[in-house]
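Welcome, and please open your viewer. We will go from stop to stop, and at each one you will hear what to select and what is there.

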Amino acid sequence: MSHSTAQAAAPAAGPSAPASGAAAARPALRRRASFSMSRSLETAGAWLLGALWLMPLVYALWASVHTRDSATKFDLTAPLTFENFATVWNGAPFDRYYFNTILLVCGILAGQILLGVLAAYAFARFEFRGKNIAFGLVLVQLMITPDILISENYTTMAQLGLVDSITGIGLPYIASGFGIFLLRQTFKGIPIELDEAAEIEGCSRWGRLWKVYVPLAKPTLVAWGLVSVSTHWNNFLWPLIITNSVEARPLTVGLMVYNGTESGIDWTLLSAATILVVAPLLIAFLIFQRQFVQSFMRAGIR
């Protein structure tokens, strides 16, 4: 009797096993479908935001290579023209503006790297009285927007006789709290054993800094450099206030002055001038896009 009961129960257990397995797989399938839908929504949102960001640039590029009548018609058969760029270039000293801007961003970057590396190394590896207070003051700089200090900075530059000069534009930005903090965190993440090994080999403090710490912090320096160049290339308010002549104006202020001298608004010329200003950064980003992203990932910037 028991044997027949077992035989009767055995077939019943067969169909129930796949049913229970399917029931257990349903939550996993739901989670996978939910994850896939979430990824699709994120991708669609990213493409939408990218399209919204790109639309003004696309229109500026379109208007810059067409006549005034064709700029608003969006006729793909309309003839292209580069006369707008020639008119803009001859209508303002953009060659001088380019020189001033390149000199400005390179000078700021060089000063920030030199001061930032030295300060970050001191905060990371030296012990001195008031260290935590000094570093706290560096962090306070991150909480203060530069626009708040415009009046004080202008007064200081006037006392130093640096108004209407490239030095006067860049000097307030040489000490970068963001760069010092970023490099300090990178230096503290470098194993102290490397420092001690270099010391045993007879390397001085200065040598250990430039032969051990700086090479290992290269991704951070690249990421910081990209941020610094793009920020000060596009900076407008402070250069507008501190400069009065062509000899010191960067591209952003030169673009505003050029637009202000026109009678009315010619969108084709304004678009051509805008493309002249943003083209170097855009081309550099397209060329170094992979290095740009990898530097930020390695540096830990989120």
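**The whole chain**

Of the contacts in the protein between residues with a separation of 6 or more, 72% join residues 24 or more positions apart; a contact here means heavy atoms within 4.5 Å. This is a predicted model, in which local features need pLDDT of at least 70 and side-chain atom pairs count only at pLDDT 80 or more, while totals for chains, interfaces and linings use all residues. Residues are numbered from 1 along each chain as its sequence is written, and side-chain values use heavy atoms, with hydrogens and water left out.

Switch to a cartoon view. How many helices and how many strands does the protein have? There are 14 helices and zero strands. Helices (H or I, at least four residues) and strands (E, at least two) are DSSP runs, numbered from the N terminus.

The accessible surface of the protein comes to about 18700 Å², and carbon and sulfur atoms own 67% of that; areas come from the Shrake-Rupley method with a 1.4 Å probe, and for residues only the protein chains shown count as cover. Of the 302 residues, 33% are buried. Buried means under 20% relative accessible area, exposed over 50%, and partly exposed in between (1.4 Å probe, protein chains only).

**Stop 1: the largest nonpolar core**

Select Phe85, Val88, Phe94, Trp233, Leu251, Tyr258 and Ala273. Of the 20 residues in the largest nonpolar core, these touch the most other members. Such a core is a set of buried Ala, Val, Leu, Ile, Met, Phe, Trp, Tyr and Cys residues joined through side-chain atoms within 4.5 Å. Helices H2 (83–91), H3 (94–125), H12 (251–261) and H13 (267–287) each supply at least two residues of this core, and H13 gives the most, with seven.

Zoom in on Tyr258. Leaving out residues up to four places away in sequence, Tyr258 touches Thr87, Val88, Gly91, Ala92, Phe94, Leu269 and Ala273. A second, separate core has 16 residues, including Val117, Ala124, Ala198 and Ala217.

**Stop 2**

Next, select Thr252 in helix H12. Is Thr252 buried or exposed? Thr252 is buried, because its relative accessible area is 12%. Its contacts, not counting residues up to four places away in sequence, are Trp233, Asn234, Asn235 and Phe236.

Then pick Leu61, in helix H1 (residues 2–64). Leu61 counts as partly exposed because its relative accessibility is 48%.

**Stop 3: salt bridges**

Side chains of opposite charge can pair when their charged atoms come close. A salt bridge is a side-chain nitrogen of Lys or Arg within 4 Å of a carboxyl oxygen of Asp or Glu, and the count by this rule is two.

Select Arg208 and Asp195, whose side chains meet in a salt bridge (2.7 Å, N to O). The pair links distant parts of the chain, 13 residues apart: Arg208 is in helix H9 (residues 205–216) and Asp195 in helix H8 (residues 192–200). Arg208 is buried at 3% relative accessible area, and Asp195 is buried at 5%.

Now show Lys131 and Glu127, a salt bridge with the closest N and O atoms 3.3 Å apart. Lys131 is buried at 11%, whereas Glu127 is exposed at 71%.
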